[in-house]
Amino acid sequence: MTDPLGAAGTPQDDRLDARPLQPVILGADIGVYALARSFHEQYGVTSIVVAGAALGPVQHSSIVRHEIVADGHNPRQLVDRLLDVARRTPDRRLLLMANSDWLVRVVVEHRAELEPFYAVPFLSAELLARISDKATFAEICAELGISVPRTLVQGFGAGEPDVPVDLEYPLIAKAASSADYQDVEFEGKKKVFEISSPAELAALWRSLREAGFAGRFVVQELVPGDDTQMRSVTAYVDQRGVVTLSCCAHVLLEEHTPSGLGNPAAMITYRDDAMLEQAHRFLTSTGYVGFANFDVKVDPRTGAFRFFEVNPRIGRNNYYVTAAGANPVRFVVEDRIEGHAVEPVVVDREVLYSILPHRLLLRYVREPQLAARVRRLIKARATAHPLRYERDLSPRRRFYILAASVNQIRKFRRWYPEPTDTGF
């Protein structure tokens, strides 16, 4: 076999199973740090982080080693650096992780180059294209009897007309594929739009066309209910097609900035077999492999679960799974690196995961029973913040975590009106 990396690089093969593990993670956000922390907790290893910059969550960390590329948005530069890392690390078993949709796409589209040297625990390119598109996701769910919000699709190809919208306002509009939307820039860009009138929707369509967007947007009915109606499901499907890890979380509060809208900021882990059954049905029916993260909302009118989307990765808030007692990296390492069949685990431990100061969180959790659960978990010290890792708390890390907490207070003051008139 000819080594495409040259004499210094050695593709992974069965003869080198004794090599120690080396995680390599694309990205630099809080979810990447959480993954690196989980690897460090489970295996005591330092992760290699490949990105365009050492952003705050991973900066000054002793559990990561940075590989900085000139342009972190250039797929070719990222892939070339990954191959260079493999060339310089022939004595390690390389496991490649990515934790944003567009980076997963980069890995999957370059699998042929990467897989000789890395374990690549992601689904096929064909399935990725289907399930990452919110319009296609809704169609698959409908076929499987999984409830989703009523969905219309607007295309932005040359000459495509506006589709008739017969949904009640306000409604929700968002890109069908976040990867297609990643590099589109226009004034007022948001991750998710709440549209109050036909005129507002028409203005959004104009902005997208003027920005050169050529993908698709979905328009969906607005399922009522606040942040506390949201749920998160994280799962891992091994190479045999068996769901070996399942974990649910009850969202307490989401971020409300334009770029972060919909990202959970605080959750309580719990077990919900009815919701998991639907998630498992989707995963096994589609032939899914790897990590998956579902966004689900409980419809307060019916109590039914409404599945919004599946992210083809572990998720930005993945540390809630580790905090609840099932370190997710163990499942992928034993499956893809060690070749073991893992006994399926359904997490049922209750833990408060939050990136917010507890006082700020309790300002917004106004429902008495939920607030009581939060206080009980705080009192019991059953809490987790992904950045507060006692084995990685240098003075500069402590300062960053403090600054990030202050910034959360500022963001919520600006973007999420106060529920009471009392001051902090």
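Reply: Let us begin with Arg381, which lies in the loop between helix H13 (368–379) and strand S17 (383–384); please keep in mind that this is a predicted model.

Me: Why is Arg381 called exposed?

Reply: The word exposed is kept for a relative accessible area over 50%, and Arg381 has 74% relative accessibility, so Arg381 counts as exposed.

Me: Why is His60 described as partly exposed?

Reply: Buried means under 20% and exposed means over 50%, with partly exposed in between; the relative accessible area of His60 is 34%, and His60 is therefore partly exposed.

Me: What makes the peptide bond between Tyr169 and Pro170 a cis bond?

Reply: The omega of the bond that joins Tyr169 and Pro170 is about 0°, and the bond is cis, whereas most peptide bonds are trans. Pro170 has its place in the loop between S6 and S7.

Me: In what order do the strands S6, S7, S8 and S9 stand in their sheet?

Reply: These four strands form an open sheet in the order S6-S9-S7-S8, with antiparallel pairing. The edges are strand S6 (151–155) and strand S8 (193–195), each of which pairs on one side only, and from one strand to the next the twist averages 25°.

Me: How do you know that S7 and S9 are paired?

Reply: Pairing asks for at least two bridges between the strands, and strand S7 (residues 171–175) and strand S9 (residues 216–221) have five bridges, in the antiparallel sense. As one detail of this pairing, Ile172 stands opposite Gln220 in S9. Helix H6 (residues 134–144) packs on this sheet, where H6 touches S6, S7 and S9 and makes an angle of about 50° with the direction of S9. Helix H8 (residues 198–210) lies across S6, S7, S8 and S9, and H8 runs at about 140° to S8.

Me: Why are H5 and H6 called roughly perpendicular?

Reply: Angles of 65 to 115 degrees count as roughly perpendicular; the axes of helix H5 (residues 125–132) and H6 cross at roughly 90°, coming within 5 Å, and H5 and H6 are therefore roughly perpendicular to each other. Arg130, Ile131 and Ser132 in H5 meet Lys134, Thr136, Phe137 and Ile140 in H6, and by class this contact has three nonpolar, two polar and two charged residues.

Me: What makes the crossing of H6 with H9 fall under the term roughly perpendicular?

Reply: The axes of H6 and helix H9 (residues 273–286) come within 11 Å and cross at roughly 105°. With a range of 65 to 115 degrees for the term, that makes H6 roughly perpendicular to H9. Phe137, Ile140, Cys141 and Leu144 of H6 make the contact with Arg281, Phe282, Ser285 and Thr286 of H9, a group with five nonpolar, two polar and one charged residues.

Me: Why are S3 and S5 counted as edge strands?

Reply: Five strands form an open sheet with parallel pairing in the order S3-S2-S1-S4-S5. S3 and strand S5 (118–119) each have a single partner strand, so one side of each is left without a neighbour in the sheet. Within this sheet, strand S1 (residues 21–26) runs parallel to strand S4 (residues 93–98) and is joined to S4 by six bridges, with Leu95 in S4 as the bridge partner of Pro23.

Me: How do you know that the radius of gyration of the chain agrees with that of a compact globule?

Reply: For 424 residues, a compact globule would have a radius of gyration near 22 Å, and the chain has 22 Å, so the two agree. Buried residues make up 54% of the chain, where buried stands for under 20% relative accessible area.

How values were computed: Residues are numbered from 1 along each chain as its sequence is written. This is a predicted model: local features need pLDDT of at least 70, side-chain atom pairs count only at pLDDT 80 or more; totals for chains, interfaces and linings use all residues. Side-chain values use heavy atoms; hydrogens and water are left out. Helices (H or I, at least four residues) and strands (E, at least two) are DSSP runs, numbered from the N terminus. Axes are lines fitted to C-alpha atoms, for helices over the stretch in contact, and angles run from 0 to 180 degrees between N-to-C directions. Contact means heavy atoms within 4.5 Å. Angles under 35 degrees count as roughly parallel, over 145 as roughly antiparallel, 65 to 115 as roughly perpendicular and the rest as oblique. Ala, Val, Leu, Ile, Met, Phe, Trp, Tyr, Cys and Pro count as nonpolar, Asp, Glu, Lys and Arg as charged, and the others, Gly among them, as polar. The radius of gyration is taken over C-alpha atoms; the globule rule is 2.2 Å times the number of residues to the power 0.38. Buried means under 20% relative accessible area, exposed over 50%, partly exposed in between (1.4 Å probe, protein chains only).
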